[in-house]
Structure formats: C-alpha cells, structure tokens
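Subject: Structure for you to look at

Hello,

Here is the structure I promised to pass on. Please open it next to this email and follow along.

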Amino acid sequence: MPKRTFWLAAAALVAYAFLYLPLVIVVVYSFNDSRLNAEWVGFTFDWYRKLAANEEMLLAAGNSLLIALVASAVSTVFGTLAGLAMHRYRLRLLPILVLAPIAIPEILMGVSLLIFFVMLNFTLGLVSVALAHIAFCIGFVAIVVRARLSGMDESLVEAARDCGASPAQAFFHVTLPLIMPGVIAGALMAFTLSIDDFVITFFTAGAGTVTLPLQIYSMIKIAVTPEVNAVSTLLMLLTLMLIVIASKVSPSLLRSEHA
Amino acid sequence: MTRRHSGRWGKWLVAGPPLVYLFVFFAIPALIMVVASFRTPGDFGGLAPLVGADGEIDLNLESYTRFFEDALYAQIFVKSFWYALATTLICLVLAYPLATLIANSERRRRDLLLLLVILPFWSNFLIRIYAWMIILGPNAALARTLNGVLGAFGQEPVSLLFSAFAVLVCLVYVHLPFMVLPLYANLEKHDQALLDAAQDLGANGWQRFWRITFPLSLPGVYAGSALVFIPAFGIFAIPDILGGPDDSLIGNVIKQQFLETRDWPFGSVLSIVLTASALAFAALAAWVGRRGVGRLAAGDA
C-alpha cells in the first residue's frame, strides 16, 4: 500500500508540474532582462514599462474590459432568468438553447455568428463581439444559478406568497438575496470567459477591432517577445483575483459538481 | 410542490428573455449556416444571392458533393480525428492517477488539490499556447539539449516548435482538466468496501484495479473523453500557432474557408460535418458508457 501511494503521488506530482510549469515560465520570463525567452539573464521591469507605453495594447485592454463588463452584466440577467426558468418549469427548448453553445465546438458558434452579422449588414466590431459573448456566457451563468437554486428551500418563497407578496416581490425579497452568491459567481465567471475568449471573438470582431486575446494572437504570430509575457502575467493576475473573489462569495463554485 | 408562484405569465416573463436572446443569437445563426451550406459562393466571397437572376431559388448540394469527392478533406478529417483521439487517451493516462490521488486524499485537502487542477484552465487560452512556444522554442533549454544529444549521435537537429509534437503536447495540456474533473467526481463515490472484499478474496493490486475500480469508473472515463474529444476535434488556434504547414486540422480549414478563401457554403459544410461528427462521437461514448454500466449492474462484467 505505501508503495502504491508513492507511485500515485509521484504520477500526480508530474501531472501538477505539467499543469503549472508552463505558466510559471511565462511569469518568470516577464521579468527577464533578455529579448529571448531562452535563459535567465537578470531582473527587469522593462517589459511592463514597454507594455504601459504600448498604445495598441492599452486600446485592446480597454476594449476587452468594456466588452467583458457589458457581456457579463447582460448575460448575468439573462442567465439568472434562464437558471430560474430551468429550475422551476418543465421546459423543452430552453435547456437545449442554454446548454448547446457550451456543448458544441466553439468554432461553429464563431462562424455562424459571422455569417449572421454579415447577412444582416451589421458592422462587425465591439457591439457584435459583445452580442456574441452574451450568447455563450448565458449558459455558464444559468448552470451556476440553477445549482444554487437546487440547494434553496422552496418553502421560503411559498411562505412569502402566503404572506401576500406578489411574485415579483417574492423574487426580489426572497429568491434573489438567497441565490445572490450564485449570481455573483456567475457574473464573475462570465466576465472571465468574456475577457479570455479568443475563438468566437476572432470571427466576430471584424478587421478593425482588437481585444486583448486578439492582440496577443497577432503578437505571437509575428514573434515571441517578453512583452507578451508581461501582459499574460497581468491577465493571469486579474483572473486569479476574480476566482478568489468568486470562491469567497460562493465556495461551492470551485468544487467539481459545478465545474 | 404547489406552483402558485408560477402562473402562465410568470413562466414566460422568466423564460422569455433568455429564450428570445438565444434563439436570435444562437439558433437562427446556426440555421442560417445550415441554409448557407446549400447555397452558391458569391463572386467576391460570401454568398451568391439566394434568388438568382432567373428568379429561381438557388439551393444545391455542390459544396457537399465537393466535400465527399475531394479526398483531401476526408484526410484532414481523419487526421483531426487521430489528434483528438490521441489527446483523449493521453489525457486519460495522465488524469487517472491525479484523479485517484485527489479522491483518496483527506476531505480538507481535496478542494485545494481540485482547485489546483482547475486554476490553469481559467488562465487565458492563448497564454497557455504561448507558454509552449517558449518551452519548445529553438533557443530554449529543451530543444538545445535534445539537439545536443542528436548531434552527438550524428543526427540532424530537429525543430520542436511548429511540429505535430508541439500541437499534441499543447492539446493535452489545454484539455487535461476536462478529464480530471469527471474522473474525480466518479472515483470519489467508489465504495472502499468493494476493494477490501476483493483483497480478502486474494485479488492483487492490478486485479483490483482492472476488475473493480476501472470498470466502475467507466462513466467518468466516457464523460471526460467526450469533454476532451469535442473541443480537441474542432480546435484551430493550437495548430495555427504551434503547428507546421502539415499540421492543419479541420478547424484551420474552416477558418481558412471563412476568412481567407471566403467560400462560405463550403466552410459551412465543414462546420456542420465537424459538429455532427463530434456530437456523434460524444453520443456514442455516452451510449457505450451506459451499456457498460448496465452490464456491470447486471453482474456479468
């Protein structure tokens, strides 16, 4: 038994190293005083200074932030409604529409929205990207909210209704406060998914619009530069912060049953 | 449960907005794409008018015929299939010990170990691809060491980056958490008493694993395989960034059809065939999984 545990732990350690080593390398080289991401030369903040002066990158970051804010706000409202509807009513179409965007290959949603927007003569840009992001974020919010609802005591809503609350009052004064941790966690999840999305953005952004992932893509297609390491490190930091907040608000979010 | 709070209007007030949104921005675009796959490509890319100059509605099977007649596309599909299958199997081999370790550890430590698996998944997709550009780059330690060894044996130096190897490593890297999570969720529910009983009856470690743990974990294996296979099958960013010219997968051809060649009907055909086959494989995995579990329950495993 101890021998078996040893090998198991060794194999797991290899798997964890495989998961983390690449990210650690990106972060470490973002402070490396060398253009080549090849060996450690010395410590520097130069790449972050270069980044702060890179107007294209700042514009891309601003766009990403704006899209993520709008997409997460709207998809949180729609996703919460969808989660509530899937929890309360027996619906046939909604669960399919909510879960299908998560289940199918991402590229399908990207290209079908591209055809859709172009056929409608809708100019590709920030708005089309935000509309697309809302569509794929709704499902994730709905899943988190529904999980939260399934742990809620339904008799509380009954009690509120018995005391004369209208359905809207019961929702805003009883249901919503109770599922709030799920709603906030869903919103943070949608924000992260939106700010990180590459594939769907790639197809719906058109030629003139850049987001952070699109900017990173065009930079690494040309050359590997530690500036990419610096922006990656900052983006990882932001994501990490959002996850920490989400896990504080809704501890069950990070357990396997909702992942 | 009484449903007083859920009158007919309430239901549509709640379900209506997300339903309408997803109908407009998911279902309709998907349907438009299905129609587009039967249309004629436009002279300057995109689509030719649906109603031709002669007043006839122009719908045809030409793009489908082209797909099934040109062996090139079948080859790329087969290649994508092998990449996705290899990714799935490697993920399974890596994820199994990890999921077992997490499931066997103390309850307090489980959440942390699980969080450590999920965390890299939340970092940006492109960053994770970029990390492998650094690791496999020609000036990095790995390539220099490898080529030093090859040189000592009089072999030509090889490029790790822009190769099938780079694509596969990164595919595994990106999809590993999708395999660990369902496997863990399954393994965590296993009853230790079964293994103890087998041991009492004289089964050794391998026998206990192959005849009890593994068969019981099959639902988790199939769920994880579907979660890895579907996205891996349609991937385009990884071969696009890390692959060489021969490593184009079906996702790359779709991207090319939509953004470079601008043959939308053909791109639509490829997207539809991709989605249909990915979902068919997932359904197959689910069906095999259910059947396997049924057999186990019936006791003839």
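Below are my notes, going from the whole chain down to single residues.

First, a caution: this is a predicted model.

**Chain A as a whole**

Chain A is helical. It has eleven helices and zero strands. Its C-alpha trace spans about 70 × 65 × 30 Å along the principal axes. Chain A has 259 residues, and 49% of them count as buried. Now take the contacts in chain A with a separation of 6 or more. Residues 24 or more positions apart account for 78% of these.

**Helix α5 of chain A**

Start with α5(A), which covers residues 106-119. This helix has 14 residues. From first C-alpha to last it reaches 20 Å, close to the 20 Å expected at 1.5 Å a residue. Is α5(A) enclosed or open? Twelve of its 14 residues are buried, so α5(A) is largely enclosed by the rest of the structure. Among the buried ones are A:Glu106, A:Ile107, A:Met109 and A:Phe117. After α5(A) comes A:Asn121, which has a positive phi, near 60°.

Now pick out A:Leu108, which sits in α5(A). Why does A:Leu108 count as buried? The cut-off is 20 or more other C-beta atoms within 10 Å. A:Leu108 has 24 within that distance, so it is buried. Which residues does A:Leu108 touch, leaving out those up to four places away in sequence? They are B:Ser271 and B:Thr275, both on chain B. Compare A:Lys248, which is 140 residues from A:Leu108 in sequence. In space, their C-alpha atoms are 35 Å apart.

**Helix α6 of chain A**

Next is α6(A), residues 126-150. It has 25 residues and reaches 36 Å from end to end, counted between its first and last C-alpha. That is close to the 36 Å expected at 1.5 Å a residue. Still, α6(A) has a kink of about 30°, centred on A:Cys137. Of its 25 residues, 21 are buried, so α6(A) is largely enclosed by the rest of the structure.

Helix α4 of chain A, residues 93-103, meets α6(A). Their axes come within 8 Å and cross at roughly 110°. That angle makes α4(A) roughly perpendicular to α6(A). On the α4(A) side, the contact is made by A:Val98, A:Leu99, A:Pro101 and A:Ile102. On the α6(A) side, the residues include A:Phe136, A:Ile138, A:Gly139 and A:Phe140. What kinds of residue make this contact? Nine are nonpolar, one is polar and none is charged.

**Where chains A and B touch**

The contact between the chains takes 75 residues from chain B and 78 residues from chain A. Which helix of chain B gives the most to its side? Helix α1, residues 8-36, does, with 19 residues. The chain B side divides into 55 nonpolar, 16 polar and four charged residues.

**One residue in chain B**

Last, find B:Leu216 in helix α9 of chain B, residues 205-233. B:Leu216 has 19 other C-beta atoms within 10 Å, so it is partly exposed. B:Leu216 and B:His190 are 26 residues apart along the chain. Their C-alpha atoms are separated by 7.8 Å.

Have a look at each of these spots on the model.

Best wishes

Key:
Residues are numbered from 1 along each chain as its sequence is written. Chains are lettered from A and ligands numbered from 1 in the order in which they are written. This is a predicted model: local features need pLDDT of at least 70, side-chain atom pairs count only at pLDDT 80 or more; totals for chains, interfaces and linings use all residues. Helices (H or I, at least four residues) and strands (E, at least two) are DSSP runs, numbered from the N terminus. Two residues are in contact if their C-beta atoms, placed from the backbone, lie within 7 Å. The expected span of a helix is 1.5 Å times one less than its number of residues. The bend at a residue is the angle between axes fitted to the seven residues ending there and the seven starting there. Ala, Val, Leu, Ile, Met, Phe, Trp, Tyr, Cys and Pro count as nonpolar, Asp, Glu, Lys and Arg as charged, and the others, Gly among them, as polar. Axes are lines fitted to C-alpha atoms, for helices over the stretch in contact, and angles run from 0 to 180 degrees between N-to-C directions. Angles under 35 degrees count as roughly parallel, over 145 as roughly antiparallel, 65 to 115 as roughly perpendicular and the rest as oblique.
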